Structures are given as structure tokens and as C-alpha cells.
Amino acid sequence: MIGFIVAGLIIGALARLFTPGKQKLGLLATLLLGLAGSVIGGTIASVLGTGGIFELNVLGFVVAVISSVLLVGTAESLSARKHQAIKN
């Protein structure tokens, strides 16, 4: 469980690093998006037959980072729309 949390933080941090612009996400949001990305990556790797969902492998890690980048971008977009609606 602790390894899963650490992997989620690493994947979330890498996703924020690869996402252009400044993100206004806190540590908890980074962790949650990284965990979600790691579950997606593990699931895809499992479906492709390269390992289990919670097993660390290269394909799962790469897909996890890519999916986390997409999740960070989506979260930022939703956050920006929410702040825009509040201002108007």
C-alpha cells in the first residue's frame, strides 16, 4: 500500500513535470491523479498481458504517466473553467 502511494506521487509529479504551464494543484491532487493514472496504466498493462494491475513494469509505468498527464490537463481545464465561472 505504501509503495502504491509512493508510485502515485512519483507518477503524479512526473505528469505535472510533463504538462506544460503552471498547475495549481496541491500535493493531494497530484497524489490522487497519479494514483488514478497508475491504476489506468496497470489495467492496460494487465490487459496486454505484461503483468498484473498492481505490478510495476515498464509499459504500465509509461501508460500511467501518459494517462496522468491527460488527467492533470483535464483537472487544470476544469479548475480554470470553475474559476472563470466564479469571476463572471
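This is a short walk through one chain, from its overall layout down to two residues.

First, a caution. This is a predicted model: local features need pLDDT of at least 70, side-chain atom pairs count only at pLDDT 80 or more, and totals for chains, interfaces and linings use all residues. Residues are numbered from 1 along each chain as its sequence is written, and side-chain values use heavy atoms, with hydrogens and water left out.

Now the layout. The chain has three helices and zero strands. Helices here are DSSP runs of H or I, at least four residues, and strands are runs of E, at least two, numbered from the N terminus. Along the sequence the pattern reads α-α-α.

Next, burial. The chain has 88 residues, and 30% of them count as buried. Buried means under 20% relative accessible area, exposed over 50%, partly exposed in between, with a 1.4 Å probe and protein chains only.

On to packing. How do H1 and H2 pack? Their angle is about 100 degrees, and their axes are 7 Å apart. So H1 is roughly perpendicular to H2; that label covers 65 to 115 degrees. Axes are lines fitted to C-alpha atoms, for helices over the stretch in contact, and angles run from 0 to 180 degrees between N-to-C directions. H1 brings residues including Phe-4, Gly-8 and Arg-16 to the contact, and H2 brings residues including Leu-27, Gly-34 and Val-39. Contact means heavy atoms within 4.5 Å. The residues divide into nine nonpolar, five polar and one charged.

Now look at Thr-19. It sits in the loop between helix H1 (2-18) and helix H2 (27-47). Is Thr-19 buried or exposed? Thr-19 is buried, at 11% relative accessible area. A polar atom of its side chain lies 2.6 Å from the backbone oxygen of Ala-15. Not counting residues up to four places away in sequence, Thr-19 touches Val-69 and Val-72.

Last stop, Val-65. This residue lies in helix H3, residues 58-87. Val-65 is buried too, with a relative accessible area of 8%. Which residues does Val-65 contact, leaving aside neighbours within four places in sequence? They are Ile-11, Leu-14, Ala-15 and Phe-18. Val-65 and Gly-12 are 53 residues apart in sequence, yet 7.4 Å apart in space, C-alpha to C-alpha.

Take contacts between residues at least 6 apart in sequence: 60% of them join residues at least 24 apart.

Key. A polar contact is a pair of N or O atoms within 3.5 Å; within protein, one must be able to donate a hydrogen and the other to accept it, and residues adjacent in sequence count only if both atoms are side-chain atoms. Angles under 35 degrees count as roughly parallel, over 145 as roughly antiparallel, 65 to 115 as roughly perpendicular and the rest as oblique. Ala, Val, Leu, Ile, Met, Phe, Trp, Tyr, Cys and Pro count as nonpolar, Asp, Glu, Lys and Arg as charged, and the others, Gly among them, as polar.
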